[in-house]
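Hi,

Here is the structure I promised to pass on. Please open it first, then read my notes below.

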Amino acid sequence: SLIHCDERYVIIRVGTAAIVGLYLPCSGTNNRLVIIEDTLHDIEEYLRNSPFQAVIVGGDFNCDLSGNRQDTLKVTMQNFFDNLSLERADGLFNVRCPTYRHETLGHSSQIDYFFTSDSASMLEFETLSPDSNFSDHFPIMCVQYILKGLDSHDDSSYIKTIDVNST
C-alpha cells in the first residue's frame with residue numbers, strides 16, 4: 001500500500017517492509033545538493049521510527065558512489081544510508097558494473113542502486129542486459145525475502161524488484 005508519494009520518490013509498504021523508489025537530480029541541476037538533502041531528509045523522517053522490519057531503497061541516484069573520493073554529495077548520501085542502516089545490494093553480491101552508458105560519448109558509470117536494511121534476507125542482485133533496451137540505463141534487479149505480516153503464523157514471500165529506468 002502507498003505510504004507517501006512525492007516528486008522524486010515514492011514509499012510503499014509490502015508486508016513488513018517499506019520499499020522506496022527514488023530519482024535524484026543529475027549533475028548540472030540547479031540547487032542539486034539542496035534537493036538531494038531535502039529528499040533524503042524527508043524519506044528518513046518517514047522511515048526513522050517506522051515499524052518496518054526491512055527497508056529497501058532503489059533507484060537512479062545519479063551519483064557514482066564507488067571510489068575513495070569523498071565530496072559533500074557522497075557524504076550526504078552515506079549519512080542517509082548509515083542513519084537507516086542500509087547496505088548496498090551490489091556490494092553484498094560483489095557485483096559492481098555500469099548501470100548507465102552514453103554510447104556516443106563512450107561513457108559509462110554505476111549510478112543506479114538498491115540498498116537494504118536486512119542484508120540477510122537479500123537473496124539476489126543483478127544488473128540486467130536485455131536484448132532490447134531503449135534507455136541509457138541498464139535495469140537492475142534484486143530479490144528480497146519479506147514477511148507478509150508481524151504475526152508468526154503469517155506466510156513469508158519473496159519480492160522481486162526490478163528498477164526499470166526510462167530516462
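Of the chain's 167 residues, 43% count as buried (under 20% relative accessible area; exposed is over 50%, partly exposed in between; 1.4 Å probe, protein chains only).

Some ground rules. This is a predicted model, where local features need pLDDT of at least 70, side-chain atom pairs count only at pLDDT 80 or more, and totals for chains, interfaces and linings use all residues. Residues are numbered from 1 along each chain as its sequence is written, and side-chain values use heavy atoms, with hydrogens and water left out.

Now the layout. The chain has 3 helices and 11 strands (DSSP runs: helices are H or I, at least four residues; strands are E, at least two; numbered from the N terminus). Their order is β-β-β-α-β-α-β-α-β-β-β-β-β-β.

Next, the inside. The largest nonpolar core has 24 residues (a core is a set of buried Ala, Val, Leu, Ile, Met, Phe, Trp, Tyr and Cys residues joined through side-chain atoms within 4.5 Å). L47, F61 and M77 have the most contacts inside this core (contact: heavy atoms within 4.5 Å). Elements giving two or more residues to the core include α1 (32-47) and α2 (72-83). A second, separate core has 11 residues, among them I56 and F125.

Last, look at T127. Where does T127 sit? T127 is in strand β9 (residues 122-127). T127 counts as buried because its relative accessibility is 14%. Leaving out residues up to four places away in sequence, T127 touches C97, P98, T99, F138, P139 and I140.

Best wishes
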